[in-house]
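Open the model in your viewer and keep the selection tool ready. We will go stop by stop.

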Amino acid sequence: MESRTKWISALFLTMAVLFGMTAIDAFAQTASSDHDTAVFSGGCFWGVDAVFKHVKGVDQVVSGYAGGAANTAQYETVSTGTTGHAESVQVTYDPSKVSYDDLLKVFFFVAHDPTELNRQGPDTGTQYRSSIFYENDAQKKMADDYIAQLDQKNAFSKPIVTKVVPLTGFYPAEDYHQNYLELHPDQPYIVFNDLPKLEQFQKNLPDLYQSQVAK
């Protein structure tokens, strides 16, 4: 095992020399290469964050804003509904443990209602819209194909309004919005709107549910 580690280390150092990277850069790029990210918006990010934190193979979920510019990515400004942002979550996951299609399944059937236009439950406004922000052509195709399959099967009683749009930037929300459900499980909004999602998740998709909460 030790010799294998030394060989890998030597390989990284060689890469660093050949490609002009520092040794730290070489290790960092390789360490992150086994994980992908996905960005979804489906209403208030408190509940969407909580749901994806319980997906097997997910290592981290960050609440934030997507769809608008960096200089207006603050909660009070986004809440006016004039910035183009949607409350979103960035999901970091291991594709060897959970697929992008599985994340789509959780998004559509647990995290939110994809038939509600510019609203979600008690929250209204374009900042609560249903969107999938794709990071590459592969994600776009998978999202478009998945929605087409749902439409073909009439999976919902009303039309799906989810938009599949390119990700132009993701901006983490303020610290007090991160991991909100885990920190405030007795908050009335959480109790009424979001805890039932976790119960539904565990009951209906047990193969994808993990009790341990991701970061």
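Select Tyr 75. This residue lies in helix 4, residues 75-78, of a predicted model. Is Tyr 75 buried or partly exposed? Its relative accessibility is 21%. Buried requires under 20%, so Tyr 75 counts as partly exposed.

Now show what surrounds Tyr 75. Leaving out residues up to four places away in sequence, Tyr 75 touches Phe 45, Tyr 65, Glu 87, Glu 174, Tyr 176 and His 177. Pick Tyr 65 from that list. Tyr 65 and Tyr 75 are ten residues apart along the chain, and 8.6 Å separates their C-alpha atoms.

Next, go to helix 6, residues 137-152, and select Gln 139. Gln 139 has a relative accessibility of 4%, so it counts as buried. Which residues does Gln 139 touch, beyond those up to four places away in sequence? They are Thr 37, Ala 38, Tyr 93, Tyr 100, Phe 133 and Tyr 134.

Move to the cores. The largest nonpolar core has 46 residues. Highlight Phe 40, Phe 52, Leu 103, Val 106, Phe 108, Ile 132 and Phe 201, which have the most contacts inside this core. Then colour helix 5, residues 100-111: it supplies the largest share of the core, eight residues.

Zoom in on Ile 132. Setting aside neighbours within four places in sequence, its contacts include Val 39, Phe 40, Leu 104, Phe 108, Ala 143 and Val 165.

Last stop: a second, separate core. This one has six residues, among them Val 39, Val 62, Ala 86 and Phe 133. Val 39 is also in contact with Ile 132, and Phe 133 is touched by Gln 139.

Notes
Residues are numbered from 1 along each chain as its sequence is written. This is a predicted model: local features need pLDDT of at least 70, side-chain atom pairs count only at pLDDT 80 or more; totals for chains, interfaces and linings use all residues. Side-chain values use heavy atoms; hydrogens and water are left out. Helices (H or I, at least four residues) and strands (E, at least two) are DSSP runs, numbered from the N terminus. Buried means under 20% relative accessible area, exposed over 50%, partly exposed in between (1.4 Å probe, protein chains only). Contact means heavy atoms within 4.5 Å. A nonpolar core is a set of buried Ala, Val, Leu, Ile, Met, Phe, Trp, Tyr and Cys residues joined through side-chain atoms within 4.5 Å.
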